[in-house]
Amino acid sequence: MTTTDLSTTGRAQRQRRRLGDVLFAAGAQGSGILILAILAGVAAFLILQSFDSLAANQANFLTSSEWDANTREEPSFGVAALAFGTVLAAAIALVLATPVAIGIALFIVFYAPRRIAAILGYLVDLLAAIPSVVYGLWGIGWLVVQLAPFYAWLETYFGWIPLFAGPVSTTGRTMLSAGIVLAVMILPIITAMTRDVFLQVPQSHREAALALGATRWEMIRMAVLPFGRPGIIGGAMLGLGRALGETMAVAMILSPSLVISWFLLQSGNQTIAAHIALQYPEATGYGVSALIAAGLVLFAITLAVNMVARFVVSRRKEFA
Amino acid sequence: MSATKLSAPEKTVPPRPLAPSLGAKPLPALFPPTLLAGVALVAAGLLYALGWWNPAVWAIVTAVGYMVLITAASALIENRRKAKDRLVTAIVYTCFGIAMVPLVSLLWTVLSKGLVRLDGYFLTVSMNGVTPSMDAGGAYHAILGTLLMTLMAALISVPIGLMTAIYLVEYGQGRLKRAITFFVDVMTGIPSIVAGLFVVALWILLFGPGKTNGAAGAISLSVLMIPVVVRSCEEMLRLVPNELREASYALGVPKWLTVVKVVLPTAIAGLTTGVMLALARVIGETAPLILTAGSSAVAINANLFEGQMMSLPVFIYSQVRMGGVINYERAWAGALTLIIIVMLLFLAARLVSHFFAPKTR
Amino acid sequence: MAKRIDVSGLHVYYGDFLAVEDVSMTIEPRSVTAFIGSSGCGKSTFLRTLNRMHEVTPGARVEGKVLLDDQDIYAPDVDPVEVRREVGMVFQRPNPFPTMSIYDNVIAGYKLNNRRLRKSEADEIVERSLRGANLWEEVKDRLDRPGASLSGGQQQRLCIARAIAVEPSVLLMDEPCSALDPISTLAIEDLISQLKENYTIVIVTHNMQQAARVSDVTAFFNLAGTGKPGKLIEIGETNKIFTKPEKKETENYITGRFG
C-alpha cells in the first residue's frame, strides 16, 4: 500500500465507509428509540382504547366493585375490588417470599460449600424458568389439595384472627393459595438480586468484622445486611412488580368473586390480571374497552413500583 | 474498561475462639448433624405414635425441634453469641430447604402426571373434532403454534434488542442513553397481560375488533422479549475487552466493521445464550396469547396471519378450564412437554456457550 | 515507506482538561524514538494522537499540527481510519483477536476491512509478516490454531506481525514489553532493532534500560506540577539524554532521584 496522499485516497474511500458507519449508528440508535416508542405506544393505545368505555361508564371506575361491562348501553364497572385483590395477593407473596429469599441468598453466598453453591444457584434459576401456567397447574392440581387440611387446622386454632376466619374453602382455592404460588414464583427474582448485592459486599468489610471476633451471623448483621439493604429492598420491589402483574397462577387457582374481602381462607377476591384473562374471551359491547381500562390501572401500578425499585437499586450503585 | 466479574467470595470461616481457657469450649463438629438425625427420628416416632404422621408436619417438627435444641445446647456449652449464630445457621439452611420443596414437588408431579398421556400420539395429533372428555386428541397444533409464534417473536426481538444493546454499549451517550437504559428496565416489568392488551388495542385500531391471529401473539411476545434481549446482550457486549476494539481501530478498521467483525463474533457465545434464555422465558407466556392469538383453536393452523392459533401454555390453561379428568391429563402432558422444551433451550444455551466460546488451544 | 513525523504546538484535551501541553518534535524515518517519563505524564496520550487513536475516548481532542511527510493528519478532509492504516500501533497487553486463528490474525487488517485477498497473496503476506516479526519459525506448522494459544511474548509478536501486515509507514508501540517476561522482552527488543530498517518506530516505555538499548532518540515527558498538564521536557539523541542531559529534571529522572 503506497498511499502518499491521505486525503485524496481517503476521500474516495471515506464516502463509502462513512456511509456504513452512519447507517449502522443510525440503525442502532433507531432501535433504541423504537423501544421508547413501543413503551409510549403501550401507554397511548391503552389510554385511547379505554376512553370509549370510561366515557359511557355509569359507575365510578375507581371506587366501584361491580363489573357489568358486556353491554352496548349503560355499562357500569369499577376496579376497586380488583385493585384491592391485586395488591393483597402481591402483598401475601412478598411477605412470604422476602425472608426466605434473603435466607437462600445468605445460604448460597455465605453458608453453602463453594462448589455446591454454584449448583444451588442454578437450581434457583431453574425455578425462574418454569412457565407461570405450569405453576398454575401445579397449584390447582397438587398444592391446593395439600393446603386444604392445613387451612382447616389454621381456622380451628387461629380462626380468632380475622384474616383466618372461616368458613374455610373446602377446595383450597383461596387468596392465600394464590399468594403462596406467587411467592414461589417471585422467590428466584428476589433471591437473584439479593445474592448479587451480597456478593458485592467488599471483602474488607467482612474481614474487618471477623477480625473483631464476630461470629458469622454477627459479621452478616454488621457488614452484609447494612450494605445490602437497598439491594434487598430493590429486589423485593421487583418481585412485587412481578407478583402484581402475574396472571395465570391466580386465574387458575383462585375461585374469584368481585368483593373486597380480608378473609384469606375463604374463596373470593380477584386480581386485575386474572380478571382480564378470564373475562376477555367472553367480552362484548364495552367489555374489551373496560378490560383495557383495568389493564391501564395495572400498568400504572406496576410502572410505579418498578420505577421506585429501579431508583432504589440504582441509588445503591452510585453510593456503593 | 475491564470486565469486572466478582468471584465467589471465600467461604468465611467462623473465627476460632481466642481463649479456650475462658470456658468457651466449642461443640464438636459432628454434634449438629447427629442432633438433627436424632431429632428427626424422635419426631417421626412421636408422630407415628400419636397417629399424626404427615411428611410436612414431620419436617416442620424436626426443624423447629432442632433449632430449639441446638440453640439451647450452644447457649449452655458455648455462649449466647455462638448460640445465636447456630440458630441463624439453622434458619438459613431451612430457608433453602423451603425453596427446594416447590421445585422438587413441581418437577415430580409434572413428571409423574405428565407421563400418563405424553406419547407419540399426543405429540402428533391436534384437538380437531375431539370433544373435551373424549379419550383422544393431542397437542400438535399447540406445539406448532408455540414454535411459530416464538420464532416470529424472536425474529422481531433479536434485531431490535441486539441493535439497541449495540447502541447502548458502543454509541450511546448522554440523555438518550440514560433514557433508553431506564425505560428498558421499566419495560422488563410490564405485566405480560398488559403486553397482550397493547396488541389488542393496536389490532382494534388497525384491523377492527375481534381479530386474533398468530402474528398478534408474536408481537405481544416480542414486547416482553425485547427488554430481556437488550439486557443480556448489553451485558455480553460489555464483557468484550476494549483492547480488541482498539486493536481493530489501530488497523484502520471503521467503527461499524469493528463492531460487526470483532465485537459481535467475540461475544457470540454469550449473545446466543442470552437469546436462548429470553426465548425460554417467553415460550411459556400464556396471558398475552389468550388475548391475542385466541384460546379456542383446536385445529392445526400454520398461518400466522389468519385465524386463531393455539399454543402450549394456552392449551394447558384451556384444558384446566374444562376441568375433566382427561382434560387434566392433557394439561399435565402439555406442561411436561413445555418444561422439556424450556429445558432443551437451557441445555442448548449451555452447549452454545461451551462450543462458541473463543478457543485458547 | 517509512515517513517522518513533524509535531508542532500540539495540545491534548480531555473535555476541558488540558492533558498534554504544547509538544513540538520531529521524528525521523527509519529510527527508533523512545518516550520516557513517570506514570500519567501524558506520553501514552501523546503517542495515541499520532494516529488519532485518542479520538476513541469520548471528549478527547487536540489542537496543533501533526505532519506525516508534509501531510497534516488533522486536516479537515483526512479520515482518521485512513491515518491509522498508515500509522500502526502495538499495545501494552498483547491483544490478538480471540475468535481468529494465527493466520487470520495476521491478515486481520485486510479481512476486517472486507478486502478480498487471493489465497497465494494472503499466504505471502502471512509469511512475510510473521518472518518480519520473528515468529514464522515458531508457528509455521500451526497457523490454523487460535491466536490465544500462543505464549504472551509470541502473542505480542503476533500483534506486531498483524500491525506490519498492512504495511504502515510508522509503528507506534505503547509499552509493548510491560506485560512480558525478560526473555520475551529481549525477543521484542531484537525485533524492534530489525524493524527500524523499514519503519519509523515510536515506543513508550517505563524501562529506562530498554529505552537506552533500543532507541536512537529519547524524549522525556514530565508533569508541569500536580494537576498540571504533561509536557515534553527534553528530546535528543539517546546517548546524550542518558549521559549529559541539558535539563536538571531529566537528569533527576535518569539518575533515579524521582519517578
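Two residues count as in contact here if their C-beta atoms, placed from the backbone, lie within 7 Å. With that cut-off, residues 24 or more positions apart account for 74% of the contacts in chain A with a separation of 6 or more. Keep in mind that this is a predicted model.

**Chain A overall**

Chain A comes to 10 helices and two strands, and the order along the sequence is α-β-β-α-α-α-α-α-α-α-α-α. Its radius of gyration is 26 Å, well over the 20 Å that the globule rule gives for 320 residues, so chain A is more spread out than a compact globule. Along the principal axes, its C-alpha atoms fill a box of roughly 90 × 70 × 35 Å. Even so, buried residues make up 52% of the 320.

**Where A meets B**

On the A–B contact, 80 residues of chain A touch 82 residues of chain B. Helix α1 (residues 6-56) of chain A gives the most to chain A's side, with 20 residues. Here is how that side splits by class:

| Class | Residues on the side of chain A that touches chain B |
|---|---|
| Nonpolar | 54 residues |
| Polar | 19 residues |

**The nonpolar cores**

Which residues touch the most other members of the largest nonpolar core? They are L137(A), L182(A) and F198(B), out of 286 residues in that core. Helix α2 (residues 80-111) of chain A puts in the largest share, 21 residues. Another core lies apart from this one and has six residues, including V39(B), A63(B), I70(B) and A90(B).

F198(B) is worth a look on its own. Leaving out residues up to four places away in sequence, F198(B) touches V42(A), F45(A) and L46(A) on chain A, plus S220(B) and V223(B) on chain B.

**Helix α7 of chain B**

F198(B) is also one of the buried residues of α7(B). This helix covers residues 192-207, and at 1.5 Å a residue its 16 residues should span 22 Å; the end C-alpha atoms are 22 Å apart, so the two agree. Of those 16 residues, 12 are buried, which means α7(B) is largely enclosed by the rest of the structure. Among the buried ones are S192(B), G196(B), L202(B) and W203(B).

**A word on chain C**

For chain C, UniProt lists residues 5-248 as "domain: ABC transporter". In the model that stretch is 34% helix and 27% strand, and its end C-alpha atoms are 27 Å apart.

Note on methods:
Residues numbered from 1 in each chain as written. Chains lettered and ligands numbered in written order. Predicted model: local features only at pLDDT ≥ 70, side-chain atom pairs only at ≥ 80, totals over all residues. Helix = DSSP H or I, 4+ residues; strand = E, 2+ residues; numbered from the N terminus. Rg over C-alpha atoms; globule rule 2.2 N^0.38 Å. Buried ≥ 20, exposed ≤ 12 C-beta atoms within 10 Å, placed from the backbone. UniProt positions renumbered as here; feature names shortened; annotations may be inferred. Nonpolar A, V, L, I, M, F, W, Y, C, P; charged D, E, K, R; others polar. Core = buried A, V, L, I, M, F, W, Y, C linked by C-beta atoms within 7 Å. Expected span 1.5 Å × (residues − 1).
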